[in-house]
Amino acid sequence: MSSAAEQEAVEAVSNAVGAVRSGQAAPVPQIDGRPEERPKERPNGQVRGQVSRVQARPGAPVWPGSSHPLGARFHHGPGGTAGTNFALWAQGAEAVEVCLFDEAGAETRCALTEHTHEIWHGFVPGVRPGQRYGFRVHGRWDPWTGARYNPAKLLLDPYARAVDGDFTLPPEVYAHVRDWPQQYIADTVRDDRDSAPFVPKGVVVHDDDDWADDVRPKTPWADSVIYELHVRGFTMRHPGIPEELRGTYAGLAHPAAIEHLTGLGVTAVELLPVHQFAHEDHLLRRGLRNYWGYNSVGYFAPHAGYSSSGTAGQQVGEFKRMVRALHAAGIEVILDVVYNHTAEASELGPTLSLRGIDNRGYYRLQSDQRRYADYTGCGNTLHAGRPHVLRLITDSLRYWVTEMGVDGFRFDLAAALARSMHDVDMLSPFLAVIAQDPVLRRVKLIAEPWDVGSGGYQVGAFPPLWTEWNDRYRDAVRDFWRGALPDVRDLGYRLSGSSDLYAWGGRRPYASVNFVTAHDGFTLRDLVSYERKHNEANGEANRDGTNDNRSWNCGAEGESDDPRIGVLRRRQLRNLLTTLLLSTGVPMLVAGDEFGRTQDGNNNAYCQDNETGWVDWSLLEDPAWRSLLALASRLISLRHAHPVLRRRAFFSGQSQGADGLRDLAWFTTAGAEMTERDWYAPAAALGMYLSGRDIPGRDERGRQVTDDSFLVLLHTGDRPVPWVLPGAPWAEEYEVVLDTSLETQSDPPGTRHRGGLALTVPARSVLLLRVVS
């Protein structure tokens, strides 16, 4: 093409946009076929709407462009002409338009007439980074066969790198008439009102960052300590972060935030969802918002609400700068990702993106294709077994690794992704693709190993490469410290790496992500302060959230002025933290638990974008909570210093030498090794001996790894107990390293005790002793 022709094409786009800005009529599709009809009642009770045929008319010159990559990519096209290539997979569509919006919201439509392998594509000269856009997809409106095309609805590009605007969900953004009087047929009545004024737009982003100045920490799994946090909630009340940066990626990158993380000693932050998400209609009607973000609508876009620098693409750079700052501090970034469902909900939900692009192609439908298969409890389930859906997910994952710098992912309701036709299948396409992908198989992969469908509970079943949230660890530790375990068999497995779940297929102890609390449920402080959930502020009559809290309020429900209850609760917090951080596996803490954060008994604060959900940093003004933080830091330091506490292989329980000393041994309060009968008997105490002499593996220079040996004594009874310390060959003498009955820990060396003699272990406490001879 000649330079004159190139200039003419660019000017044509500019003129089209200018015509819209000046108030001239924008090009719109001409609708052929029958006018809209009201639904007609049929003998079988079904209602059928209009099937429309649309002939789109282009609003600006569009060159053929390329079907790859998907999404909007700015580059220099034929003859060096600057512009943006748009590509959208829409298998059943009859026509696709890319819609360009100026600053006033005026729209120019450009028909994508090229169609390659079910991908509609075209290159639009003159479209540069910062341009806002969306798609309109034309096709049949036939909900009974799963077809829900409606060109009146502007659709977000599934591959949009940035999103400008917020989802408010007025009636216009529903492809059906949301408020139709007969709700049982409402989803079949097409709504032809234009949604464009009411929905966010994608933003063209130019990404040429090569990450040359970034150094990834690459922390081995066994050495990892994960810290789950919410970008907004962690920073909103931090006094050291400038007010204008609170609640943002820049706030998390601020030295004041990073100083807390490095001082605590964690190696990775696990961020609650940062993909662009929407708020549910039922929350907006109650004046609430989705705070946690498990309602994704844009799998490539950092959530714009967490950007301090702007939403016209600036959020991408701000997110990257946050990742760089954390990496520079030696902290990895793990994203909590929600690929199991989208914010479009059930057939009565809004049409924001995938539903209008190709409903049958993206979602799992029931045999009655009007309805969605719902394995997530959120109204829909993405069909991860289909190639184009799998491509969307893996393209997104690779993007966040290679172009946004993240180090791993925690997959929400991962079992839903591993379903083949109906059942969970560990040979499913999703798991197979991840296992062979040269990028994804090298990053940290964490499964939430369940969904809400039949057969969805899959703890211990995910293949090698994967780690899992271990809720059996959570339940056993909670039950032990509230005195509800019938015996200590399950606790023994959980403390030593859950070999009953993970010792197969080459998996290691770090396959178990151990946690006592998570974002979902009570905080650690609430776990020892409430026995019942108090979720009234969520507006659901306290019906939401689990009733299975396995908590103990220490004698009073909620906050108490009784000093004895306060002392007991703080001791229980120390017990829970100590148990977690001394267990084999990968520990996960929740932001604020290390200094007594509370949600006032709300165990489902997903919609509490306020002081209930935010971390309260003023707690650190109280010496009692500062001492809890000091204990957490000390325990993490112990993990980092002692490889026996972060083993890379399971314990064998077998003798490793002539003296009969084993790598792991269990003891009763009488100083005797546990027998089969002891494991089945009710018990309030358990002793665990960890030998540092027999650690499998070698260091990076090929040297045998050795360490100190430790004895951990856990006692949940309400009275002190005399405990005979194991003598030779286990130890001649022990030194107390940590005692959770004390509000403040003394610096080692601690008190020494002879093996074979009794030591009084305080009620409800953990003692950590080091073998000194």
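Biologist: Which residue follows helix 4, and what is its phi?

Modeller: Gly265 follows helix 4, and its phi is positive, near 100°. Helices (H or I, at least four residues) and strands (E, at least two) are DSSP runs, numbered from the N terminus. This is a predicted model, where local features need pLDDT of at least 70 and side-chain atom pairs count only at pLDDT 80 or more, while totals for chains, interfaces and linings use all residues. Residues are numbered from 1 along each chain as its sequence is written, and side-chain values use heavy atoms, with hydrogens and water left out.

Biologist: Which residues of helix 4 are buried?

Modeller: In helix 4 (residues 255–264), they are Ala256, Ala257, Ile258, His260, Leu261 and Leu264. Buried means under 20% relative accessible area, exposed over 50%, and partly exposed in between (1.4 Å probe, protein chains only). An α-helix has 3.6 residues a turn, so residues three or four places apart point the same way.

Biologist: Switching to charges, how many salt bridges does the structure hold?

Modeller: There are 58 salt bridges. A salt bridge is a side-chain nitrogen of Lys or Arg within 4 Å of a carboxyl oxygen of Asp or Glu. One of them joins Lys153 and Asp191, with the closest N and O atoms 3.5 Å apart.

Biologist: Where do those two sit in the chain?

Modeller: Lys153 is in the loop between strand 13 (147–148) and strand 14 (162–164), and Asp191 is in the loop between strand 14 and strand 15 (201–203). They are 38 residues apart, so the pair links distant parts of the chain.

Biologist: Are Lys153 and Asp191 buried or exposed?

Modeller: Lys153 is buried at a relative accessible area of 0%, and Asp191 is buried at 4%.

Biologist: What about Asp609 and Arg232, what do their side chains form?

Modeller: A salt bridge, at 2.8 Å from N to O. Asp609 lies in the loop between strand 25 (586–590) and helix 16 (623–641), and Arg232 in helix 2 (residues 231–235), 377 residues apart. Asp609 is partly exposed at 21%, and Arg232 is partly exposed at 22%.

Biologist: How many residues are in the largest nonpolar core?

Modeller: It has 171 residues, and those with the most contacts inside it include Phe86, Phe234 and Leu335. A nonpolar core is a set of buried Ala, Val, Leu, Ile, Met, Phe, Trp, Tyr and Cys residues joined through side-chain atoms within 4.5 Å.

Biologist: What does Leu335 touch?

Modeller: Not counting residues up to four places away in sequence, Leu335 touches several residues, among them Leu271, Phe319 and Trp400. Contact means heavy atoms within 4.5 Å.
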